Amino acid sequence: MASSLFPLLFFLSLLFLDPFFSQANLQKSKTLFESTFLSQPSTNDTILPTLFFEVTKPIRVPNTKPCSLSVLQHDFGYTYSKPPVFVNYTFPSDCPYQEFSRIVLEWNATCKGRQFDRIFGVWLSGVELLRSCTAEPRATGIVWSVKKDVTRYSSLLLMNKTQTFAVYMGNLVDKTYTGVYHVNATLYFYPAVNKMDFFKGKGEHLGSGVGSKADLIIPFSRDLSLNDGLWYEIENATDVKEKEFEIPQNVYRAVLEVYVSFHENDEVWYGNLPNEYITANNLTDLPGNGPFREVVVSLDGGVVGFVWPFTVVYTGGINPLLWRPISAIGSFDLPTYDIEITPFLGNILDGKTHKLSFGVTNALNVWYIDANLHLWLDSKSAKTEGKLLQHDIVPLGVSSVSDFIGLNGTFVTNTTRFISSFGWVKSTYGMVTIKSIQDLSYSNSMVMGKDGNLQIVNQTIHFDDSIYAKMPASNVKSKKSVKRFLFYLYSDYLNQGNGTSLSVANFTLGFNEKKFKDADFRSPSSSLKNLQKGNGVMVVKDNLVVSGVARTQQTYNYDSSKFCYSRNVSSSNYTILYDEVGNTCNKRAKSHFGYGLSRLWPYPA
């Protein structure tokens with residue numbers, strides 16, 4: 001009976017042709033159906049490669065000619081358990097500009113043949129710039145591109161020294177896995193249309209000339225040399241990774257940016273069943289610990305924030321045909337998560353060494369986590385001051401109800417989490433009091449039926465961040481982010497006899513976010529509604545996929561006071577059925593939020 005659960009949970013493949021499959025650094029989706037085993041047509045060099053893409057809004061760049069730098073050209077063949085690819089990086093000396101309003105990293109890749117999805121990361125001097133998943137190729141070839149706004153890393157990218165640019169992609173090439181990933185990575189530096197002036201009016205007390213970008217970025221990643229990525233690996237619920245660090249004594253703001261991805265036994269943690277169900281049914285090969293996970297970030301042993309991650313589905317997940325050519329939300333550019341550290345600056349502005357650590361509640365192997373600490377420096381002073389005034393953490397509230405008989409049953413898990421930090425920082429710009437709040441809630445319901453052959457998962461994560469600041473001679477300013485992560489899956493496994501089985505899957509995946517330039521405003525300054533729905537059927541005979549069909553539909557709507565973008569697109573088995581793009585904005589009230597927080601708030605709402 002245990003084996004009948006595998007296609008439902010996507011946990012274990014029945015198609016173990018790769019002897020290295022279970023190793024921690026070689027990633028593939030835990031699904032019954034992998035691209036490696038899909039029937040593929042003969043290679044025809046006259047057929048153009050298929051364009052794969054993730055739907056997202058275009059990056060707004062100024063109407064100026066950018067300076068460009070080709071950073072990396074490499075063919076990722078057998079790179080599994082080998083060191084990352086390293087190249088020297090220096091800002092292009094022939095670029096005549098010094099100020100840039102936008103910097104874009106563009107990743108272009110092609111592949112032909114058979115290959116699994118591979119997780120990869122891009123780092124500069126240990127600071128992660130991009131976490132992504134490869135597309136799964138076909139015999140006639142594929143091509144895909146990822147463009148990421150990396151302007152927030154300007155202080156690092158514009159540094160006048162030679163740095164190490166590193167990429168790790170653990171790929172395997174042999175007689176079965178033939179796909180080699182041919183990669184080009186390029187940076188584009190868009191000069192500012194007008195000379196930046198951050199000393200206008202009251203803004204002069206809040207900046208030192210680089211706008212909203214941090215002056216220094218400290219990486220929290222593993223040191224080289226490695227035969228793996230620079231990320232930390234969290235193997236279980238008690239595993240905690242930590243790193244010592246020291247910050248300059250003239251910091252007046254600090255934001256921690258966290259990168260997260262999940263693999264192997266926790267790749268589909270949101271579908272993991274409770275341990276009591278697994279034990280009662282003697283399903284010892286199935287991952288457990290239930291469906292709730294959270295990343296816990298601590299400073300010197302005290303918790304400073306949490307990450308409840310979005311349910312990224314990689315390009316081999318559920319049914320690989322669903323993601324051809326429309327990739328799942330977040331799969332080509334995994335989201336990062338910011339935690340406000342400013343209230344804690346008073347504890348670490350002493351010139352001494354401190355420790356930052358990461359753990360994952362209920363974790364199974366393996367989670368890849370690292371982080372970047374963005375710091376704003378007071379250029380007019382060698383030392384700032386600060387103090388943590390209040391720090392409140394409401395214990396994790398968990399409600400878990402299981403009702404099952406044998407392999408059939410229902411499981412409901414609800415959790416809540418709240419953390420609030422309040423402190424002040426004094427610099428030459430005056431004394432700023434700042435309060436940071438994370439308010440999170442989670443709901444997951446699962447149904448197991450047909451003696452374990454049917455699974456239904458319905459999950460919602462509410463992830464709200466708020467920041468309030470009181471600056472000299474001003475009212476309280478605030479900003480807020482309200483995120484909703486949606487996941488629904490219906491999965492049915494049907495044994496057709498004679499070594500043949502049928503798998504049916506329906507899914508919904510949603511990433512919604514509203515940003516408010518004033519936490520008390522009712523109307524958001526920007527709104528994103530990103531929703532995917534799809535269904536697929538695959539037929540397997542003697543552990544080989546002999547036929548299949550899948551269809552995915554996506555609506556993407558972004559609305560702000562300055563820019564709007566919408567896209568409605570659908571595909572089925574490599575073919576685009578329709579693709580509608582628009583840029584019409586919805587009418588709504590304009591925000592009256594001033595520029596006074598341009599330095600305190602580094603990223604526009």
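Predicted model: local features only at pLDDT ≥ 70, side-chain atom pairs only at ≥ 80, totals over all residues.
**Exercise 1: Glu-136**

Find where Glu-136 sits, decide whether Glu-136 is buried or exposed, and list polar partners of its side chain.

*Solution.* 
- Step 1: Start with the place. Glu-136 belongs to the loop that runs between strand 6 (127-133) and strand 7 (142-149).
- Step 2: Now check the accessibility. The relative accessible area of Glu-136 is 1%, and buried means under 20%, so Glu-136 is buried.
- Step 3: Look for partners. The side chain of Glu-136 reaches the backbone nitrogen of Asp-117 at 3.1 Å. The Glu-136 side chain also makes a polar contact with the side chain of Arg-324, at 2.8 Å.

**Exercise 2: Two aromatic pairs**

Work out how the rings are arranged in the pair Trp-107 and Phe-120 and in the pair Tyr-277 and Phe-404, and say which parts of the chain each pair links.

*Solution.* 
- Step 1: The structure has 34 aromatic pairs. In one of them, the ring centres of Trp-107 and Phe-120 are 4.3 Å apart, with 20 degrees between the planes. Planes under 30 degrees apart count as stacked, so this pair is stacked.
- Step 2: Trp-107 is in strand 4 (residues 100-111) and Phe-120 is in strand 5 (residues 119-124), so the pair ties together parts 13 residues apart in sequence. Both Trp-107 and Phe-120 are buried.
- Step 3: For Tyr-277 and Phe-404, the values are 5.3 Å centre to centre and 75 degrees between the planes, an edge-to-face pair. This one links distant parts of the chain: Tyr-277 lies in helix 3 (residues 275-280) and Phe-404 in strand 19 (residues 385-405), 127 residues apart.
- Step 4: Compare the accessibilities. Tyr-277 is buried at 0%, whereas Phe-404 is partly exposed at 23%.

**Exercise 3: Charges over rings**

Which rings do the charged ends of Lys-57 and Arg-138 sit over?

*Solution.* 
- Step 1: Take Lys-57. Its charged end sits over the ring of Tyr-558, 4.6 Å from the ring centre.
- Step 2: Move on to Arg-138. Here the charged end sits over the ring of Tyr-574, 3.7 Å from the ring centre.

Note on methods
Residues numbered from 1 in each chain as written. Heavy atoms only, no water. Helix = DSSP H or I, 4+ residues; strand = E, 2+ residues; numbered from the N terminus. Buried < 20%, exposed > 50% of the residue type's maximum accessible area, 1.4 Å probe, protein only. Polar contact = N/O pair within 3.5 Å; in protein donor to acceptor, adjacent residues only side chain to side chain. Phe/Tyr/Trp six-rings, centres within 6.5 Å; stacked < 30°, edge-to-face > 60°. Lys NZ or Arg CZ within 6 Å of the ring centre and 35° of its normal.
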